[in-house]
Amino acid sequence: MGSSEFSWKLADHPKLPKGKHIALIVLDGWGEANPDKYNCIHVAETPTMDSLKLGAPEKWRLVRAHGKAVGLPTEDDMGNSEVGHNALGAGRIYAQGAKLVDLALATGSIYDGEGFNYIKECFSTGTLHLIGLLSDGGVHSRLDQLQLLIKGASERGAKRIRIHALTDGRDVLDGSSVGFVETLEKDLAELRAKGVDAQIASGGGRMYVTMDRYENDWGVVKRGWDAQVLGEAPYKFKSALEAVKKLREIPNTSDQYLPPFVIVDDSGKPVGPIVDGDAVVTINFRADRMTMLAKALEYEDFDKFDRVRVPKIRYAGMLQYDGELLLPKKYLVSPPLIERTSGEYLVHNGVRTFACSETVKFGHVTFFWNGNRSGYFNQELEEYVEVPSDSGITFNVKPKMKALEIAEKARDAILSRKFDQIRVNLPNSDMVGHTGDIEATVVACKAADQAVKMILDAIEQVGGIYVVTADHGNAEDMVKRNKKGTPLLDKEGNIQILTSHTLQPVPVAIGGPGLASGVRFRNDVPTGGLANVAATVMNLHGFVAPDDYETTLIEVVDN
């Protein structure tokens, strides 16, 4: 792509000059929610962020960071760091997650990719195993996608297919598992009539089998491994429908917490353990509850539990679940092809860029920001600095993480005056928020606020501009709530902690001595999202954004 394709016209307003140093700060997991004791951002001492919100209302606003605003299928889909940074860097909204899978299945491109061709090598002699959530909830997986994948694989040579079904009851009504199993069994019976050996091989409830996240309880994954790989479980049945119906009769058992089961033949032998030469696909498109199983399936030096037997398989995810760990290495649906990101434009127009975070979010201000692209666009104009994250501990043990070290790197880069844009991610409110430790998350938010102050002080010294935003919510609401917003309690009367991202909007604040007095947020972009930030930053650098970018959030008002 020639540099002429990246040529820009200068912004045609004299109050948007080129050459100012711009600090672009992303507070990871920092949303806006009603103030209460479970809002760690509200509880924490955050004088810097408070001053941005209250000091100049025309230079502080909220934007959407979930659902369709970041390319996810529905407004019930919470944002995440990967899609959030894609949107922040690309300035446009790209299909993500379930939407990508839908497109790949509809066009048939899923069967042409490297991932499917990789697992297809096993079809002639091995079994294709599909593991994932059996649900139409659309949060982690969808039944119709599984049905299409089974059909497509059988048409492309899969002669022996085994499903390892995880029942839902969380994103859908409890008890709906029976209907989902009936639907799937009908499809599999039709395949068997056509000569394809297709059966459900094992199952269990999602919160008790396989689908743990954030390494909270490896026992959940082990129960799944034992059933799926070893063919061992406390309950054995001749059919999955019988299994689900019978196990639901156990007192206090629900779809979410169904115990693991395996399906056996007339001689009591499991019909579908995973063995050497087989292919495995984890069908969930959402990453957080598949990452742990992906590690167990893929890592040779895995040590979280005794796998007993590690079959030599070909494994692919529906998508790649962790872009930083490159996990899994093979996947059926590729990330969106994102070209002409804001970072690429900046470099082609001589804008010198510094990007920094600690290890857990370093890829977000580099790889994801640049459209899922590794490396530099122009190493002479860019510098990327990774601060090593703490390892071997959970993040609530040291909730300040590396916020101040990141801020020091950014401060030094600003004061060096070598860079036009200084871009950082402060991970604290997200990574500590995921631990569910409210006290530690309060400490994390305070540390992030202190880091913001250090960077803003440096911008003050060089007469620069700041843009402070976030990629999605997390720390602003640490408790599960009912539809009225009241915190939910568990059976013992304790608050149910929320460790996930949220659907809340996130702030964008602009300011600094380099920001002309007439620059303010527009009132005619009420539904702005993260993708609007790129054009905004381009304007602050003195450029007009490309026509296909989401519109800028700012305007210049002549005094």
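Is Ser81 buried or exposed? Ser81 turns out to be buried, its relative accessible area being 3% (buried is under 20%, exposed over 50%, and partly exposed in between, with a 1.4 Å probe and protein chains only). The model is a predicted one, in which local features need pLDDT of at least 70 and side-chain atom pairs count only at pLDDT 80 or more, while totals for chains, interfaces and linings use all residues. Residues are numbered from 1 along each chain as its sequence is written, and side-chain values use heavy atoms, with hydrogens and water left out.

Ser81 is also the residue that carries the UniProt annotation "active site", from an unreviewed entry; UniProt positions follow the numbering used here, feature names are shortened, and annotations may be inferred rather than shown by experiment. Ser81 sits in helix H3, residues 81–90 (helices, H or I with at least four residues, and strands, E with at least two, are DSSP runs numbered from the N terminus). Leaving out residues up to four places away in sequence, Ser81 touches Asp28, Lys361, His364, Asp430, Asp471, His472 and His501, where contact means heavy atoms within 4.5 Å. With Asp471 there is a side chain to side chain polar contact at 3.0 Å (a pair of N or O atoms within 3.5 Å; within protein, one must be able to donate a hydrogen and the other to accept it, and residues adjacent in sequence count only if both atoms are side-chain atoms).

His472, one of the residues touching Ser81, belongs to the loop between strand S13 (465–470) and strand S14 (506–511). His472 is buried too, at 1% relative accessibility. Among the residues touching His472 are Asp28, Trp30, Asn80, Asp430 and His501.

Next comes the sheet. Its 7 strands run in the order S6-S7-S5-S4-S3-S8-S9, making an open sheet with mixed pairing (two strands pair if DSSP finds at least two bridges between them). Strand S6 (235–237) and strand S9 (314–317) stand at the edges with a single partner strand each, so one side of each has no neighbour in the sheet. From one strand to the next, the twist averages 20° (axes are lines fitted to C-alpha atoms, for helices over the stretch in contact, and angles run from 0 to 180 degrees between N-to-C directions). Strand S8 (residues 279–282) runs parallel to S9, and 4 bridges join the two; Thr282 has Gly317 as its bridge partner in S9. Helix H6 (residues 143–155) packs on the sheet, where it touches strand S3 (128–134), strand S4 (160–167) and S8, with its direction at about 170° to that of S3. Helix H7 (residues 177–193) packs on the sheet as well, touching S3, S4 and strand S5 (197–205), and its direction makes about 165° with that of S5.

UniProt, again through an unreviewed entry, lists His140, Arg170, Asp171, Arg206, Arg213, Arg286, Ala287, Asp288, Arg289 and Lys361 under "binding site". These residues span 222 residues in sequence and the farthest two C-alpha atoms are 29.2 Å apart, so they do not all gather at one spot. His140, in the loop between S3 and H6, is buried at 2% relative accessible area. Its contacts beyond four places in sequence include Asp171, Arg206, Arg286, Asp288 and Arg289, and the side chains of His140 and Arg206 make a polar contact at 3.3 Å. Arg170 lies in the loop between S4 and H7 and is partly exposed, with a relative accessible area of 31%. Arg206 and Arg289 are among the residues touching Arg170.

That leaves the aromatic side chains. The structure holds 11 aromatic pairs (rings of Phe, Tyr and Trp, the last by its six-membered ring, pair if their centres lie within 6.5 Å; planes under 30 degrees apart count as stacked, over 60 as edge-to-face and the rest as tilted). Trp218 and Phe305 have ring centres 6.3 Å apart and planes at 55°, so this pair is tilted. The pair links distant parts of the chain, 87 residues apart: Trp218 is in helix H8, and Phe305 is in the loop between helix H10 (291–298) and S9. Trp218 is buried at 12% relative accessible area, and Phe305 is buried at 11%. For Phe302 and Phe305, the ring centres are 5.1 Å apart and the planes at 75°, so the pair is edge-to-face. Ring pairs join Trp218, Trp225, Phe302 and Phe305 in a cluster.
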